[in-house]
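Dear colleague,

Please find below the structure that I am handing over to you. My findings follow after it, arranged by topic.

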Amino acid sequence: MTRERVIDFLPAIYRPFLPDVFDRPMREERHATCAACSMCPPPEPDFPADAYFNPSTKCCTFHPALPNYSVGGLLADTSTEGAEGRRRVLATIAAGVGVTPAGLLPPARVLLLQRHGKAAFGRAERLVCPYLDREHGACTVWAQREAECATWFCKHNQGVDGRAFWKQVRDYLVEVHVALGTWVMRELGIDPDRIAEGFGPHLDALDARDLDDRPPAAADHARMWGEWTGREIAFYEAAYDMVRTLDRDRFTSLMGVAHAVTVDRIAKRHDAITDPVLPDPLLRNPLLRVDRAADGAYVLTAVDEGEATRLRSEIYPLLDLFDGRRRTTDVRARVIAETGYRVSDSFLQALYHHRILIGT
Ligand code: SF4
Ligand code: SF4
């Protein structure tokens, strides 16, 4: 399916009720070429092996937290394509670790490793997602992927601004997961005190069950699930039925007053990638990391926030003309006089999106 709007990037269950901002146009992140992973070593690497992702994990060194209604959606999917995801979800439920009324949550041990092993992201076998089909390099729960998996890209067409947009969408989706998951739990009779307590592990007080990936004691499981104990699958299926039949009015009322503000923040970040207002004058970012690729191109990365951007060697010296004093029209005039190059709006926007050029 060709993805042309923001909503096209998200699981289908959200289409009937997410607000209009999700109908805004969105292009594929053309540098995140998953079939030939752009973070994995190319045939002729420019950088040491450690700089690349592990080809057998790629970016799926992450354990998702699948909300209750998404688990139900995976269980309800009896298609051939959905069979492997369904099988894995059933296996997780049978194992009993992280099986909560809020959804299927990462085991405590994995959460701890994820949290303290950021440099291992994309590399460590130990962190590989249980829903990744490694043989085919495919996600088995893609139809119901959660916030992080739906919005994470290793590279962004609009660099820093693109990443900020997708992070905002991710944060919004996490709010949706929590609000809808909580609504479902309340409607289906989960104990309110238990809901208020939350279902994630307390990482500063892990016990032997947590460290050994064992399910909670029967009494704790029963306190969590109440009358749904032993009928967890039916609970998830009921959750899915409730959410898939939501309409926009009901959804908006469930999300509460802060919802409009979060939607406005998404719109603002969408404007920043589709219709950016560039500072004038511009300045070559003093915190640029500069590498040379094997073909002589310059590889530029804004320290702390940027994504590597290649610039042809004859273009690179022109960056020095952006000294934070000359107006952009003056720089353009000088470049065309000295080199014959015309500095286009889209080129300047790209340099700004990647923070190669910044405001003063
Ligand atoms: S998004 Fe993940 S799989 Fe796709 S190119 Fe980037 S690292 Fe590779
Ligand atoms: S749920 Fe799918 S996309 Fe997300 S980490 Fe696992 S395999 Fe990758």
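**Domains and overall layout**

In this predicted model, 13 residues of domain 1 are in contact with twelve residues of domain 2. The domain assignment places domain 1 at residues 6-274 and domain 2 at residues 283-358. Taken over C-alpha atoms, the centres of domain 1 and domain 2 are separated by 37 Å.

The C-alpha trace of the protein spans about 80 × 45 × 40 Å along its principal axes. Its secondary structure comes to 13 helices and ten strands. Of the 360 residues in the protein, 46% are buried. Among contacts between residues at least 6 apart in sequence, 69% join residues at least 24 apart.

**The two ligand sites**

Which residues are found around ligand 2? They are Cys-60, Phe-62, Pro-64, Cys-129, Tyr-131, Leu-132, Cys-139, Val-141 and Cys-149. By class, the shell around ligand 2 divides into nine nonpolar residues, with no polar and no charged ones.

Around ligand 1 the residues are Ala-32, Thr-33, Cys-34, Cys-37, Ser-38, Met-39, Phe-53, Lys-58, Cys-59, Trp-152 and Cys-154. This shell divides into eight nonpolar, two polar and one charged residue.

**The sheet of β1, β2 and β3**

Strands β1, β3 and β2 form an open sheet in the order β1-β3-β2, with antiparallel pairing. Because β1 and β2 (99-100) stand at the edges with a single partner strand each, one side of each is left without a neighbour in the sheet. The pairing of β1 with strand β3 (residues 103-104) is antiparallel and runs over two bridges. Here the bridge partner of Leu-66 is Leu-104 in β3.

Strand β7 (residues 288-292) pairs with strand β8 (residues 298-302) in the antiparallel sense over five bridges. The hairpin of β7 and β8 has five residues between the strands, and Gly-296 takes a positive phi near 95 degrees in it.

On its other pairing, β8 joins strand β9 (residues 309-311), again in the antiparallel sense. Three bridges connect β8 and β9, and the bridge partner of Tyr-298 in β9 is Leu-311. In the hairpin of β8 and β9, with six residues between the strands, Asp-304 has a positive phi near 80 degrees.

Are the residues of β8 buried or exposed? Strand β8 is mostly covered, as five of its five residues are buried. In a regular strand, side chains alternate between the two faces of the sheet. In β8, Tyr-298, Leu-300 and Ala-302 point one way, while Val-299 and Thr-301 point the other way, and all are buried.

**Salt bridges**

How many salt bridges does the count come to? The count comes to 26 salt bridges. Side chains of opposite charge can pair when their charged atoms come close.

One network of salt bridges links Arg-5, Asp-8 and Asp-23.

Arg-5, at 33%, is partly exposed, and Asp-23 is partly exposed with a relative accessible area of 39%.

A further salt bridge joins the side chains of Glu-314 and Arg-312, with a distance of 2.8 Å from N to O. Glu-314 counts as partly exposed, at 38% relative accessibility.

With kind regards

Technical notes: Residues are numbered from 1 along each chain as its sequence is written. Chains are lettered from A and ligands numbered from 1 in the order in which they are written. This is a predicted model: local features need pLDDT of at least 70, side-chain atom pairs count only at pLDDT 80 or more; totals for chains, interfaces and linings use all residues. Side-chain values use heavy atoms; hydrogens and water are left out. A residue is near a molecule or strand if one of its heavy atoms lies within 4 Å of it. Ala, Val, Leu, Ile, Met, Phe, Trp, Tyr, Cys and Pro count as nonpolar, Asp, Glu, Lys and Arg as charged, and the others, Gly among them, as polar. A salt bridge is a side-chain nitrogen of Lys or Arg within 4 Å of a carboxyl oxygen of Asp or Glu. Buried means under 20% relative accessible area, exposed over 50%, partly exposed in between (1.4 Å probe, protein chains only). Two strands pair if DSSP finds at least two bridges between them. Helices (H or I, at least four residues) and strands (E, at least two) are DSSP runs, numbered from the N terminus. Domain bounds come from an automatic or database domain assignment. Contact means heavy atoms within 4.5 Å.
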